[in-house]
Amino acid sequence: MKKMYKILALAMVLVFLFTACAPKEEPVVEEPVVEEPVVEEPEVMEKLRIAVVSPSSINDFAFTQSIYDAMIALQEEYGEDVIEFVYSENMFVVDDAAAAIRDYAASGFDMVIAHGSQYGSSLQEIAPDFPDISFAWGTTVDTFGIPNVFAYEAASDEGGFVNGVMAALMTESKVIGVVGPIETGDAKLYVDGFVAGVKATDPTIDVRVTYIGSFSDVALAAEAAETHIAAGADILTGTAQMVVGAIGKIQEAGGYWFGTQADQASFATDTVVASQVYHWEVILKEIIELRSQGILGGQSFIADLANGGQVMSFNSEIDIPADVMAAAEATIADIIGGQEIEPFEMEQLSIAIVSPSAINDFAFTQSIYDAMIALQEEYGEDVIQFVYSESMFVVDDAAAAVRDYAASGYDMVIAHGSQYGSSLQEIAPDFPDISFAWGTTVDTFGIPNIYAYEAASHEGGYVNGVMAAMMTESKVIGVVGPIETGDAKLYVDGFVAGVKATDPTIDVRVTYIGSFSDVALAAEAAETHIAAGADILTGTAQMVVGAIGKIQEAGGYWFGTQADQASFAPDTVVASQVYHWEVILKEIISLRAQGILGGQSFIADLANGGQVMSFNSEIDIPADVLAAAEATIQGIIDGTIVIELP
Amino acid sequence: MNEIKTLPSGQPRLELTEMRRITKRFPGVLANDNVDFDVKSCEVHALLGENGAGKSTLMKILYGMYHQDEGEIFINGEQVKITSPTDAIKLGIGMIHQHFMLVDTLTVAENVALGLRSSRPPLTDLDLVSKRIIELADTYGLKMDPDAYVWQLSVGQQQRVEIIKALYRGAALLVLDEPTAVLTPQEVDELFVIMRQMVNDGYALIFISHKLHEVVDISNRVTVLRNGKKIGTRPTSEVTKTILANWMVGHEIDFITSTEAVQRGEVRYKLECVSCDSDRGTQGLCDVDLEVYSGEILGLAGVSGNGQRELAEVMAGLRKPTSGKIYLEGENVTGYDPEKLTKRMLSYIPEERMRDGMIGDFSVTENMILREHKQPKFSNNGLLKLKDIADHTDRLIDQFQVKTPSQKTLAKSLSGGNIQKVVLARELSRQPRVIIAAQPTRGLDIGAAEYVREQLLEQRKAGTAVLLISEDLDEIFALSDRIAVIYEGKIMEILNRDQATREKVGLLMAGVKSEEGEEVVL
Amino acid sequence: MISDLFTPTVLLGILASGIRLATPYLFASIGEAYSQRSGVLNLGVEGQMLLGAFFAFYIAKLTDNLWLGVLAGMGVGALMGLAMAFVTINLHAKQGISGIGFYLFGLGMSNLLFQLLVGTVETVSGFPRIEIPLLSSIPWVGNIFFNQNILVYIAFLLVPVSSYVLNKTTLGLKIRAVGQNPEAADSLGVSVAGVRYFTVIFGGTMSGLAGASLSVALLNVFQQGMTAGQGFIAVALVYFGAWRPWGVLAGALLFSLVNGLQLWIQVLGIPIAPEFAVMMPYILTILVLTLSVSKVRAPAALTKPFEREG
């Protein structure tokens with residue numbers, strides 16, 4: 001327990017330090033003054049003495065402040081003479097809170113509000129001992145069936161949804177970050193509502209959620225915010241009292257914040273666009289009404305937009321675009337009118353990959369592995385889970401692996417090798433509920449649960465060819481291919497076309513070594529090309545690492561494909577065509593979300609970003625070559641360059 | 001004080017080598033039971049006994065390949081410990097194994113030098129070794145080319161390499177384990193000449209055999225073992241073949257001959273101008289014409305390797321003829337596989353009974369039904385009728401006196417005679433029309449061989465056509481109604497038993513037609 | 001177009017390819033020839049090469065000392081040889097399937113260690129070429145034969161040395177005898193197990209060296225599965241070479257020269273389908289094997305375990 005005190009004390013110090021350091025925006029931070037209960041003569045209304053026990057401080061800009069503000073509002077409405085209240089804040093130790101509740105009950109308060117879902121079990125013990133006293137417990141809907149316990153909760157997903165809609169309309173980077181405490185209760189409700197609002201407005205926006213595992217760790221919340229900002233987020237939101245750290249960070253970054261639980265605009269006036277504010281007084285008034293009828297508990301209440309228990313507060317100091325305001329108002333109206341909020345749930349997807357070479361082959365298999373890592377970074381590791389079986393060059397073994405993965409319940413199995421086609425054709429119909437993806441090919445066999453994907457690798461090949469043609473001095477260029485088929489043939493043909501389109505006099509010599517893995521033979525093919533006068537080589541498939549070494553020794557240049565090979569030989573690899581299969585996989589994932597398990601084929605090309613040309617900055621590529629490459633890329637994308645393949 | 005006498009090689013003689021109270025147990029078998037044995041220089045001591053009597057075990061103990069459980073070995077009165085062949089060689093003991101211990105891809109000199117310390121390590125000193133080999137060979141009037149590869153040599157020559165190898169290593173006592181089993185009669189005579197000279201030079205020789213006449217011929221003393229026990233040791237001059245035979249088998253035996261006249265029936269099996277290739281791709285059989293009649297035993301005599309194996313395999317359907325026709329009871333069965341011939345009631349007792357006659361890792365029961373396991377009496381739509389099979393096996397074990405611990409015993413753990421009895425039981429119990437018996441008694445002890453011969457005569461009486469292929473002329477003469485002689489894949493001549501003499505057959509075996517009248521010593 | 005092949009550049013180019021490609025085969029096949037001559041068929045060569053290649057690469061990278069790398073490659077090959085010897089000689093495991101087991105072990109282990117210890121394809125600066133004075137200035141061929149890295153020289157020197165050892169020394173005599181008739185060798189006091197342990201460990205060491213020659217001398221990278229079946233070709237070359245070092249040399253050179261030839265055929269654009277071109281070395285090997293098989297006898301005791309009776 002001692003330790004907990006220390007941690008919390010530290011957190012509080014940090015809050016104050018932070019607010020002290022923050023720009024002077026006249027933060028409205030009330031001193032936590034314990035007001036003396038003012039005893040007045042009873043008038044029209046029955047005098048009501050209320051005690052509030054809450055886990056954080058009354059000016060936390062969040063959860064506790066919301067109940068404190070509600071009490072103040074009640075006092076304003078009924079008069080301080082009628083509503084008399086005391087509070088115990090920072091009761092994050094449940095045992096201490098329980099003691100306080102019991103003390104208040106014993107000292108004759110009419111109602112004790114246990115404002116923290118963690119106080120439930122204590123209340124369950126205490127309430128029956130004081131049958132004449134009302135207890136209120138939030139946020140929950142559970143009264144335990146005890147006749148003197150009221151339960152109250154906020155439909156915080158509603159305000160979250162509104163915030164989400166607005167954020168989606170205002171983000172420019174299309175990346176939004178969420179800083180949550182622990183994935184439970186009110187916080188989870190708000191976050192899910194927010195994500196749903198964003199996705200309902202623009203499903204392409206990337207909403208990244210972090211739960212930092214603490215309600216109080218301001219420093220960690222700040223760090224989470226920094227991480228989101230670094231990853232491209234321009235709008236953040238968050239819930240619970242530790243978010244003050246996060247708000248400061250997005251303010252520094254010049255982005256926007258959407259708040260909840262209390263109106264956070266006063267904390268960062270140029271940053272907080274809107275806040276969902278809890279107006280517990282709406283609920284408390286109902287409770288007071290019931291009490292006056294002699295009902296001491298047994299009912300539960302939800303504060304929502306419809307009953308005014310939740311109110312959207314827009315920051316007038318920020319120039320919110322009219323359409324955003326209009327959309328927000330419309331959304332509020334819809335919600336009040338009864339629109340259900342479907343929590344947006346990113347389907348958890350378990351993916352298995354079977355590939356013929358090793359994941360770090362600098363080539364074919366690495367391209368799909370990198371794509372999976374990119375997907376995980378985008379959707380989170382909890383959403384995208386993947387396993388892989390690499391080096392499955394024996395097709396029968398690969399088929400067995402594909403079947404095993406399908407049978408053990410993976411959502412999608414990617415057979416990353418054109419040689420796996422006939423196996424997949426047999427296996428896929430046995431597992432109609434599972435998606436299969438097969439590359440590189442365009443053929444789904446007409447099977448409804450197979451996606452096919454292919455790369456337009458001739459496009460990057462063409463770009464490489466144009467560059468190589470301009471850079472060769474010997475006018476001899478060599479190509480080291482594996483087997484004359486599929487992706488390899490496409491790349492090689494594109495490369496040759498690019499060279500010939502640029503300078504038909506150049507001699508492009510193509511060798512296929514008959515193996516995807518024979519590094520020594522690839523090296524020997526490179527030696528042969530070099531002996532035959534080639535000063536630039538290219539090649540495809542994983543065995544080319546042998547060839548790259550040889551052209552490096554000879555002082556020539558290499559053009560790569562499938563993965564960025566520059567890191568392997570920084571002085572030699574001029575450019576690489578890099579596959580970004582994640583572009584295709586994202587389309588597949590969104591189709592899956594619509595219930596479509598396959599039957600379509602995709603091509604990764606320069607236009608859709610599935611292929612990207614990566615130029616090696618360590619090599620001094622002549623400006624005209626680079627310009628020609630850029631022009632070629634543009635031409636391919638807009639269709640002015642049509643690649644003639646043999 | 002005795003003067004130490006030396007051999008011509010300069011090695012000291014082993015005047016007296018004694019094995020005292022040797023006992024050796026193998027799991028379930030007492031191979032040697034308290035055996036005393038000794039050998040002196042200047043003598044051939046024959047060790048006689050049936051297969052499994054413990055002769056080889058005793059000698060392998062002397063040569064250090066086995067270790068006795070009890071008993072001691074003394075040389076010239078001093079106790080010695082022999083734990084490996086290397087120890088034995090150091091003591092001057094050499095052994096000529098029944099299966100030659102030669103590397104056939106190496107030259108004679110390399111074989112002799114193998115395992116010896118070279119005079120200029122790490123290189124070999126084959127030139128010196130060759131010189132010494134020629135010296136040793138000259139001593140015994142042998143011709144030997146040290147640079148010849150072993151695979152180029154005849155069996156007799158290989159045996160001489162073995163002897164030279166032992167002598168080179170300084171052997172003064174030589175154990176010869178059934179050295180005559182693989183030799184032609186002429187080669188046996190030559191071996192005996194060498195042995196006699198060695199004895200004169202002071203060597204001690206131990207001669208293991210189960211052939212009585214050879215023992216009587218060559219040895220000075222003879223020891224008989226039976227069932228691991230020593231029956232007795234006598235100077236050879238004091239015993240007769242009959243006495244020795246009685247000691248070996250433990251009871252009186254008679255040599256069986258086919259005395260009973262049986263009416264010869266129709267032609268059962270006929271080869272017309274059949275030729276085939278050998279394993280090495282050369283001509284194996286050349287235009288063979290042969291007829292085997294019902295109720296006769298046709299004996300096929302010949303020196304080993306003249307086409308007997310090929311003939312047997314062609315007749316059993318295991319080897320395809322390159323030309324010619326084969327008829328079984330009038331039906332053209334040329335090119336039929338063994339399964340089809342089995343259905344036509346042909347039985348085959350193969351020469352290599354362990355390799356071709358049975359599956360060593362199968363039980364006795366399983367081996368009993370190898371040929372007929374698909375017949376309805378043993379299987380029902382592919383499922384074996386285990387009860388019927390067991391009953392059948394029980395009957396055969398009883399009828400053919402197979403000594404086996406149980407039906408489940410693995411065939412390979414039976415003795416040679418019992419293995420052959422299992423094969424006979426399987427092949428003969430099915431009332432065959434034709435039997436091809438290739439070397440059916442080779443390697444069997446006297447008792448077992450007699451049993452096999454009796455069974456063949458029984459078959460003859462029942463009217464079966466029997467082809468008996470044997471290199472044992474005594475056996476051919478004892479059983480056959482007619483005798484065919486094969487030489488280099490050709491049938492030289494077919495003689496009726498009453499016209500045939502050993503001289504005539506011997507000449508034919510050497511490839512000499514009787515008209516030419518060349519003199520051949522048998 | 002075919003006439004393009006008969007230019008000095010191309011012919012010398014083919015020769016140069018042949019020598020480079022033959023180097024790993026020579027190490028592995030001569031080691032395997034020793035092992036087979038003593039009666040042990042080691043099909044784990046591929047695995048030994050892979051692990052040898054990995055350790056040579058890794059240790060060279062770690063210590064910056066190529067010779068330490070080579071020693072590590074040979075050492076790990078020797079250890080795998082020792083294990084192979086133990087399971088086949090002492091435990092009488094079937095040689096064929098044990099070899100496949102060691103192949104799979106080497107494949108998996110080299111992949112695993114590579115991912116754990118290195119992670120991505122990297123280069124190492126391999127052995128430099130050593131120019132032999134005078135000889136290397138012989139016109140045309142001098143540069144091909146006498147301007148190679150040290151391991152290439154060692155590989156080719158290994159041929160006469162190993163042939164001499166096999167044919168002229170007592171050790172060689174024992175190896176040949178043990179592979180042909182272990183019972184006979186045993187009866188003459190030759191330790192069959194000892195000889196086989198020696199040859200199998202030697203074979204493993206040479207396989208490790210073959211792998212090292214790839215990863216720190218010829219290619220200077222390590223890539224998973226980089227031997228791409230060369231270990232199995234090496235075993236085939238032992239049959240091709242009729243279990244003789246000079247025969248193995250002939251086989252390795254023929255196979256490698258034809259491989260060099262097919263690459264030039266493709267580079268020169270001679271209209272032969274690349275699918276056929278890449279098959280040429282294999283087709284030729286199969287042809288020679290088929291034609292020579294009747295004349296050549298394998299060591300009689302090859303794949304047969306030896307156990308003294310009793």
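What share of the contacts in chain A with a separation of 6 or more comes from residues 24 or more positions apart? The share is 67%. The model behind these views is predicted.

**View 1. Chain A as a whole.** Chain A has 646 residues, and 59% of them are buried. Its secondary structure comprises 19 helices and 24 strands. The chain exposes about 24,700 Å². Carbon and sulfur atoms supply 53% of that area.

**View 2. Helix α19 of chain A, residues 623-638.** This helix holds 16 residues. At 1.5 Å a residue it should span 22 Å, and its end C-alpha atoms are 22 Å apart, so expectation and model agree. Which residues of α19(A) are buried? They are A:V625, A:A628, A:A629, A:T632, A:I633, A:G635 and A:I636. Seen down the helix axis, these buried residues fall within an arc of 165°, so they line one face of α19(A). They pack against two elements of chain A: α14 (457-471) and β24 (611-615). After the helix comes A:G639, with a positive phi near 90°.

**View 3. A cis peptide bond in chain A, between A:G439 and A:T440.** Omega is about 5° here. A:T440 belongs to the loop between β16 (435-439) and β17 (450-455) of chain A.

**View 4. A cis peptide bond in chain B, between B:P121 and B:P122.** Omega is about 0° at this bond. Where does B:P122 lie? Look in the loop between α3 (108-113) and α4 (126-139) of chain B.

**View 5. B:N76, a residue with positive phi.** Its phi is about 50°, although B:N76 is not a glycine. The residue sits in the loop between β4 (70-75) and β5 (78-80) of chain B. B:N76 counts as partly exposed because its relative accessibility is 41%, which falls between the cut-offs of 20% and 50%.

**View 6. B:E329, with positive phi in a residue other than glycine.** Phi of B:E329 is near 50°. The loop that holds B:E329 runs between β14 (323-328) and β15 (331-332) of chain B. With a relative accessibility of 36%, B:E329 counts as partly exposed.

**View 7. A nonpolar patch on the surface of chain C.** Which residues form this patch? C:F276, C:M279, C:I283 and C:L287 do, with about 340 Å² of accessible area together. One of them, C:I283, is part of helix α12 (residues 274-292) of chain C. C:I283 has 32% relative accessibility, so it counts as partly exposed.

Methods:
Residues numbered from 1 in each chain as written. Chains lettered and ligands numbered in written order. Predicted model: local features only at pLDDT ≥ 70, side-chain atom pairs only at ≥ 80, totals over all residues. Heavy atoms only, no water. Patch = residues over 30% accessible without salt bridge, like charges linked within 9 Å, V, L, I, M, F, W, Y side chains within 5 Å. Areas by Shrake-Rupley, 256 points an atom, 1.4 Å probe, with all protein chains shown as cover. Salt bridge = Lys/Arg side-chain N within 4 Å of Asp/Glu carboxyl O. Helix = DSSP H or I, 4+ residues; strand = E, 2+ residues; numbered from the N terminus. Buried < 20%, exposed > 50% of the residue type's maximum accessible area, 1.4 Å probe, protein only. Contact = heavy atoms within 4.5 Å. Expected span 1.5 Å × (residues − 1). Arc of directions from axis to C-beta.
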